[in-house]
Structures are given as C-alpha cells and as structure tokens.
Amino acid sequence: MIINGIKIDDTFAEAFNMRGTRVLITAQNLKWAYHAANAMTGFATSVIGCGVEAGIERELPAEETPDSRPGVSILMFAMGSKVLMQQLETRMGQCILTCPTAAAFAGIESEDKINLGKHLRYFGDGYQSSKLINGIRYWRIPVMDGEFLTQETTGMVRAIGGGNFLILATSQPAALAAAEAAIDAMKQLPNVIMPFPGGVVRSGSKVGSKYPKMFASTNDAFCPTLKGIVNTELDDDIESVMEIVIDGLTFEDIATSMRVGIEAICRLENSGVKRISAGNYGGKLGPHLFRLHEILGHKS
Amino acid sequence: MSALTFTLKHTINHRLDCRRLTPDGLGGLNLQQILQLKLSLQHNSPQVADFFEVSGNDTENIIFRNCKQLDYIGHKMSHGKITAEDDAGDFLGAQMQNGIILCKKNVGDRAGDSMRRGLILIDGKAGDYCGSRMIAGTIGVFGSVGNYVGFSMKRGTILLKNMPSLHATIQNCGTHTLPFLALLFRSFRSLPTAFNQIQTNRVQRFAGDLACNGNGEILVISS
C-alpha cells in the first residue's frame, strides 16, 4: 500500500491487555490544572521502568467538570490492578494533594473501583471530613491553601496498551516533524494517550539482549547507524525512525488513533517520510493485532 | 406514580408523632393499608385515617400538608424524599439515615437531631437546637435559626444563610471559599429549594461542637 508516496508496510502492531483508569483534575485555572496533571503523569512513559503509563487525555472546560472549574482528564494504564492502585494512590498523594488549588474526581464509571482519596484522607489527621453528594463520597482534607477535595474512588476498566507505528524518514528532522503532525492529530481523540515524551519514542526496543540481565534492548533492526552490521529493516535512504506508542480504553480507540496519526503524516507534502511500519513480536507478546492495512481501510 | 400526600384533615391542638410515615415505614403498602396504619405501636394508637386525607401512591416521594403540629417527620428514614409544604413540627429528620427532606416553610426545634446521613433543606426558619447531636449529613436553613444550633454535633454540615447566635463551643474558623460547595449546590439544582439562589461558594466556617470533640461545621453563606 502506498499513500501519497509513503509505503505502508503489510505488518501489524502488537498490543497487550492492561488495566486503565481516568482521573479528572481541576484547579483554580488551567495553568494549575496542568501543573498537577503534568506532575501526576510525569515519569510514566513505560510500565517497564515506571510502573504505569499515563498521559493527559484532554482539557476540560469548566462546564464539564464536577466542581465547575477548568481542568484536564488524565488516563493511566498498568499491567495489573494492584500496580495501578498503588501508583494512583502514590501519585495522588505526591502530585495532586500537593498542588495548589487542585482537586481530583473520578473520570470513568465501572463496577471495579480503585482508591483516589480513600486512604489519602488520613493526611487530614482527624480533621478530614467526608461528604456524600448524590450517592458519591468525597473527602475534604484541610491543607495550608484551604481544602483539598477529592472523590473517594474512581473506576478501573480493562484496557489495551502498546498500539504503535513507526515513521521511517530520510532525516531526523523529517521523522520528528512527521511524528509531531501525527501527535497533533491524535491528541484530538478521546480515550487514548501517547505516553512517551511529546508522544514520541526514539528508543524502540526488542525483547531480550546479549546481556542476560536485560530483558529489553535497542531495536537494532530499525537503528539507522547499524544498517551495515545487523539484519536491518531499513532501506539505504532511511536515516531516522520515530515510534508512536498508544494506550487506549478499547481496540477501536487505538485503531482509530493509529489511522488518524498515519493519515496526518500521509497528508504532509515533501515530508521526507518513506515508510510507515509497526512494531511486533511475531504475535507472541499480546493478543491484540493492529494490522496497518486493515486500519487504513484496505484488506491486506 | 404520584407523590403520596398526607393532608391533616383538621387543625389539632396537640402534637402528632409521624415517625412511621416515612418511605421506610410505608414501602410496599397500598393506600388502604396506609389508611389503617397505626401512628404508633401502642394498643390504642390512632390510625392514619383518623387524622389524614391520603392521596397518591409513591412511597418514595411523600408530601405533608398542614403539618405544623406534626413531629418526627422523616424519623430514621433511610431513602426517598419527604416534602413538608407548610410549617413542620419538632424533630424533623431526627435520626435520619439517608434520603432528602425539604421543608418549604419553617420547622420547630431539634431539626436533624442525631441525623447520621442525608440532606435536610429548610426554606424558612428553624427553631432551637437545629442539628443537635448531629453525627453526619447536611442541614440547610435559608431563614434564621434559633439558639444552640449544632449543639453537641460530632460531624456534619449545617449550612445557614443568616448568621446565628452561637454558643461558646462552636468556634470561628474564618471565611473561606470551599470547593465542595460547588458540588453540593449543583446537587440541589434538581430540588425545589431556595438554596438554588445561592451564587457563591464563600462561607464563614464555624467548627464544633468542641464540647464533645466535634468535627462538625456550621457554614454561614457570605452575602
């Protein structure tokens, strides 16, 4: 398949099951909502080293938030419910409780609940108080700037992580510009996050390493500086590869996001992008296969 | 379904205990059974039909009319909604477990006494000892309140439109803008209450009752 001169590989991205949650963070203004959300989703690029993958989903106007203040919604994903609970509580305590004027609310409905402020309330040292409003329990914790308000729990749902595609370009600036265009388009979509810095990852990995203690190492087949010495996937004119990784609430969310991102790249004129590919492990890693040709509307 | 409505047939010169006329007490009963229900468990207790005209069939939504002499409206209720369309008597919502009570006019003494959970909104005035021995929940009084508001309250919120006369063990914590009030006021929007006129989250906060190590609060809305 070729779109606007860009070859779309007949391959697939391979994704795996995760647990996900959404938290709504509000504050006095968007500036402070972002401060809280950026801290909350910081160091959360990959479950390999961070425990969770998290990112800002979108801005919320005051009319859409529970307390009628501006805010942002964040999505957080982990490999299991226990890790997700632990990470959420830790990050709530260190990033939201500490952030001036910030408040946190559940952003997703589910029978499975995880704690937002349920244990955090003990920071109040006995001065905390709860309010049950329309059947939902909130905690008010006295803090030095006034009162920290948080919902007791949020929902936890089954989700998918690891959707991805690779951008193969003739130069590093070209690959990055294309990746930025894709991210700009993908950020308009709900229910997905691209957890790496700026949504883009340059250090795609393969499973295993020559070093026994390493369970992941650089994806040498896509490293342009190794073209002559490894079994490369790159043509002679490819000088840089960028990857976009997507976590989402459903298969359709991720597939839509991948399609929108790839289409945004393909619309660019003289982009320097030669190929779009995807990372997989032969179908052995995860049950969810995102076939690029199917996503883009063509049966392979 | 229409609201189950109790209208006092004639003016009485004595108090009438209505603690059995709650969504908990009337759930599952038909109109005939409600009319024959004894107002108390005493052997010679009068029946509902002796005092009330009853109409409607929704036991989750109960209305009282001509109810100034009626005490213990909403006593121990745990769900549903009760509306007092006229003045209500003493102990409105006493030991309330959950649910909503609306009073369109004034209430007597000890409204919300020992209430544990739920919401009482009074559009008019409240008598003495409003919110006494309150364990938790929310009481709102749009008019004035009598003496000893929040007496021995342990937790819970008493929301007032007018500055009350407070006893010594309720202490002033200053004026604040409290974020949770935005949620609370938003939850009132579906209810016909005078509190929907409130446009501010700024309140003067009094904490207490410190005589019983209380962690309750009286919030006086800034005008």
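What covers the buried residues of α4(B)? Keep that in mind for a moment while I set out the conventions. This is a predicted model, in which local features need pLDDT of at least 70, side-chain atom pairs count only at pLDDT 80 or more, and totals for chains, interfaces and linings use all residues. Residues are numbered from 1 along each chain as its sequence is written, while chains are lettered from A and ligands numbered from 1 in the order in which they are written.

1. The cover of α4(B). The elements over the buried residues of this helix include β8 (129-133), β9 (136-143) and β10 (146-151) of chain A, together with β12 (202-208) of chain B. Helices here are DSSP runs of H or I with at least four residues, strands are runs of E with at least two, and both are numbered from the N terminus. α4(B) is mostly covered, with 7 of its 9 residues buried. These are B:F180, B:L181, B:A182, B:L183, B:L184, B:F185 and B:F188. A residue is called buried if 20 or more other C-beta atoms lie within 10 Å of its own, exposed if 12 or fewer, and partly exposed in between, with C-beta atoms placed from the backbone.

2. The contact between the chains. Chain B gives 11 residues to the contact and chain A gives 15. Two residues are in contact if their C-beta atoms, placed from the backbone, lie within 7 Å. For the classes, Ala, Val, Leu, Ile, Met, Phe, Trp, Tyr, Cys and Pro count as nonpolar, Asp, Glu, Lys and Arg as charged, and the others, Gly among them, as polar.

3. Chain B as a whole. Chain B has 4 helices and 13 strands, and 44% of its 223 residues are buried. Its radius of gyration is 17 Å, which agrees with the value near 17 Å for a compact globule of 223 residues. The radius is taken over C-alpha atoms, and the globule rule is 2.2 Å times the number of residues to the power 0.38. Along the principal axes, the C-alpha atoms of chain B fill a box of roughly 55 × 35 × 25 Å.

4. Two domains in chain A. The assignment gives domain 1 (2-14 + 159-295) and domain 2 (19-157); such bounds come from an automatic or database domain assignment. The C-alpha centres of the two domains lie 30 Å apart. Where they touch, 11 residues of domain 1 are in contact with 13 residues of domain 2. The domain 1 side has 9 nonpolar, 1 polar and 1 charged residues.

5. The largest nonpolar core. Of its 145 residues, A:I25, A:A36, A:I167 and B:I73 touch the most other members. Both domains of chain A give residues to this core, so it lies between them. A nonpolar core is a set of buried Ala, Val, Leu, Ile, Met, Phe, Trp, Tyr and Cys residues joined through C-beta atoms within 7 Å. Setting aside neighbours within four places in sequence, B:I73 is in contact with B:C18, B:F64, B:C67, B:I82, B:A84, B:A88 and B:L92.

6. A helix to look at in chain A. Helix α5 (residues 251-267) has 17 residues and reaches 24 Å from its first C-alpha to its last, close to the 24 Å expected. The expected span is 1.5 Å times one less than the number of residues. Among its buried residues are A:I254, A:M258, A:I262 and A:I265.

7. Backbone spots worth a second look. Most residues other than glycine have a negative phi, and most peptide bonds are trans. The peptide bond from B:G208 to B:D209 is cis, with omega near 0°, and B:D209 is found in the loop between β12 and β13 (216-221) of chain B. A:N4 has a positive phi of about 50° and lies in the loop between β1 (2-3) and β2 (6-8) of chain A. A:N4 counts as exposed because it has 12 C-beta neighbours inside 10 Å. B:S152 also has a positive phi, near 65°, and lies in the loop between β9 (138-141) and β10 (157-160) of chain B.
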